[in-house]
Amino acid sequence: MMNHTTKGIVLRTVKYGETSVIVSIFTELFGLQSYIVNGVRSSSKKAGTKANLFQPGALLDLVVYHNEQKNLQRIKEYQWSVLYEHIFFDVFKGSVATFMVELLQKCLREPEPNPDMFYFVEDVLLHLDKAPSSVVANFPLFFALHLPAFFGFRIPDEYSVNRNILDLEEGIFVAQHPAHSFYLDGQLSETTATLLRVMHPSELEDIGLPVAVRRILLQHYEKYYMLHVPEFGHLRTLPVLQEVLG
């Protein structure tokens, strides 16, 4: 079986047996993959250090065995691709990263390569790690609005004075209130349009939002995903994120 070198973003880790873990990783080359990693859990200090590499949100350099016929792959070598300065130690940045990872995980269903999406998520995580505290709270909004571009349900940036109501069911800005209750208007619609125009995380510094507005927007964006991603359910990390950022 051939070896492949790829970068990966850890999404979820589950204990397996006495010393092993099964890790869900979004890889640059193969998309979503599950790997069994042996010998990373024990009472020894060295094993504990190894397990740290498989925290959700970790960016890793991997050498993997890949077999299209198998659901569970193996990793030959692994190391940090980037060692975060803050995400694993800062409760605010850590909560945002955990939210982003859960959102990505709920949308990823098939093991198909999507390098553009991989680079987008990697870039947002790297900018989150370096971001000043004043803009950290805007990252979940930015990520939630831009991730759908890779799954085919991004909201087009067509906000105007006449089309100033965001229909969440249709995913477009419209001129009149829809018959259903899934829509945003007023400041919430305008702020969403502003966030859609942000092309890079560094631009988030220019957007100042009250805590209450962020809270309401995130609840509506969760609803947007529920309307467009089958069996999406609720985000477990959202109440925690709201509490921390509130």
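**Ground rules.** I am working with a predicted model, in which local features need pLDDT of at least 70 and side-chain atom pairs count only at pLDDT 80 or more, while totals for chains, interfaces and linings use all residues. Residues are numbered from 1 along each chain as its sequence is written, and side-chain values use heavy atoms, with hydrogens and water left out.

I looked up the largest pocket and noted a volume of about 300 Å³. A pocket here is an open set of points on a 1 Å grid over the protein atoms alone, where a 1.4 Å probe fits, with protein on both sides within 12 Å along at least five of seven lines. The volume is the space filled by probe spheres set on the points.

I then listed the lining, meaning residues with an atom within 4 Å of a point. There are 16 such residues, and the closest to the pocket centre are Leu32, Gln33, Asn71, Glu110 and Pro111. Strand E3 (residues 31-37) gives the largest share of the lining, 3 residues. Strands (E, at least two residues) and helices (H or I, at least four) are DSSP runs, numbered from the N terminus.

By class I noted 5 nonpolar, 7 polar and 4 charged residues in this lining. Asp, Glu, Lys and Arg count as charged; Ala, Val, Leu, Ile, Met, Phe, Trp, Tyr, Cys and Pro count as nonpolar; the others, Gly among them, are polar.

Side chains of opposite charge can pair when their charged atoms come close. I used the rule of a Lys or Arg side-chain nitrogen within 4 Å of an Asp or Glu carboxyl oxygen, and the count came to 5 salt bridges.

One of them joins Lys7 and Glu122, with the closest N and O atoms 2.9 Å apart. Lys7 is in strand E1 (residues 3-16) and Glu122 in helix H3 (residues 115-130), so the pair ties together parts 115 residues apart in sequence. I checked exposure too: buried means under 20% relative accessible area, exposed over 50%, and partly exposed in between (1.4 Å probe, protein chains only). Lys7 is partly exposed at 23%, whereas Glu122 is buried at 10%.

Glu85 and Lys130 meet in a salt bridge at 2.6 Å, N to O. Glu85 sits in the loop between strand E5 (72-82) and helix H2 (91-107), and Lys130 in helix H3, 45 residues apart. Glu85 is partly exposed at 47%, and Lys130 is exposed at 57%.

Glu158 and Arg163 also form a salt bridge, at 3.9 Å. I noted Glu158 as partly exposed at 41% and Arg163 as partly exposed at 35%.
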